[in-house]
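I have a new model open and a notebook beside it. I'll jot down what I look up as I go.

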Amino acid sequence: MSRIGKSPINVPGGVDVTVADRTVTVKGPKGTLQRDLPGTITLRQDGDTLLVERPDDERQTRAMHGLVRSLVNNMVVGVTDGFTKELEIIGVGYRATAKGPDAIDLALGYSHPIEVKAPEGITFEVPSPNRIAVKGTDKEVVGQVAADIRKLRKPEPYKGKGVRYLGEHVARKAGKSGK
């Protein structure tokens, strides 16, 4: 048995989980998320807990067991608490400005500012000009939006300038050795 897959998912009060025809829908105070279950994995509701079960021990089924449990658990956590990814901007003149909760302007050393619009369900916060917080209920979408912003100007190894995750370590290289 998968150690992750066999652990139950606790459903807090105020969260409604429905399983209908291979589709899981989770409704909570922060929104609604929906996902199709892959393969032959089944989800059973037992009171206020969810159990992820697999029919056999084939390789593909075992691989999906823990994955489905993690995905459903992330849905439950997303509609109750939400997810946040924080980005840090390092560099002279590099900054972010908020244009409402769903758009930001980034000055990243190019000749023009870059406008980033948030997809549905995602909001941006700019607590300071060199910090961006990407918030939402779907963990995958929050991570992808943060990765797309980071991709606009990756941290370079010589001075460390660019957009990085908060707390990310960037390996630095030594520059030229002068005579």
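These are my entries, one topic at a time.

**Entry 1: before starting.** I remind myself that this is a predicted model.

Entry 2: I began with an open sheet of three strands, and I read its order as β1-β6-β5, with antiparallel pairing. Which strands stand at the edges? I found β1 (9-10) and β5 (42-46) there; each has a single partner strand, so one side of each is left without a neighbour in the sheet.

Then I went through the pairs. Two bridges join β1 to β6, and I9 has L50 as its bridge partner in β6. Between β5 and β6 (residues 49-53) I noted five bridges, again antiparallel. Along that pair, L43 is opposite V52, and R44 is opposite L51. I had to remind myself that side chains in a regular strand alternate between the two faces of the sheet.

β5 and β6 also make a hairpin, with two residues between them. In the turn I checked G47, which has a positive phi of about 70 degrees.

Entry 3: Next I looked up R54, in the loop between β6 and α1 (59-80). Is R54 buried or exposed? Its relative accessibility is 15%, so R54 counts as buried, the cut-off being under 20%. I then looked at what its side chain meets. I found a polar contact of 3.0 Å to the side chain of D57, plus one of 3.3 Å to the side chain of H65.

**Entry 4: the largest core.** I moved on to the largest nonpolar core, which has 20 residues. Which of them touch the most other members? They are I89, L106, F124, I132, V134 and I149. I listed the elements that supply at least two residues each: β7 (83-90), β9 (103-107), β10 (114-117), β11 (122-128), β12 (131-136) and α2 (139-152). The largest share, four residues, comes from α2.

Skipping its neighbours within four places in sequence, I149 is in contact with L87, I104, L106, V116, F124, I132, V134 and V163. There is also a second, separate core of 18 residues, and V11, V17, V24 and L43 are among them.

**Entry 5: helix α2.** I counted 14 residues in α2, and the helix reaches 21 Å from first C-alpha to last, close to the 20 Å expected. Its buried residues are V142, V145, A146, I149 and R150.

At the N-terminal end of α2 I found D138 as a cap, with a side-chain oxygen 3.3 Å from the backbone nitrogen of E140.

**Entry 6: a proline in a loop.** Last, I looked up P101, in the loop between β8 (95-98) and β9. At 53% relative accessibility, P101 counts as exposed, the cut-off being over 50%. Leaving out residues up to four places away in sequence, P101 touches T123 and F124. I also checked P101 against I122: they are 21 residues apart in sequence, and 8.7 Å apart in space, C-alpha to C-alpha.

Definitions and conventions
Residues numbered from 1 in each chain as written. Predicted model: local features only at pLDDT ≥ 70, side-chain atom pairs only at ≥ 80, totals over all residues. Heavy atoms only, no water. Core = buried A, V, L, I, M, F, W, Y, C linked by side-chain atoms within 4.5 Å. Buried < 20%, exposed > 50% of the residue type's maximum accessible area, 1.4 Å probe, protein only. Contact = heavy atoms within 4.5 Å. Pairing = 2+ DSSP bridges. Polar contact = N/O pair within 3.5 Å; in protein donor to acceptor, adjacent residues only side chain to side chain. Expected span 1.5 Å × (residues − 1).
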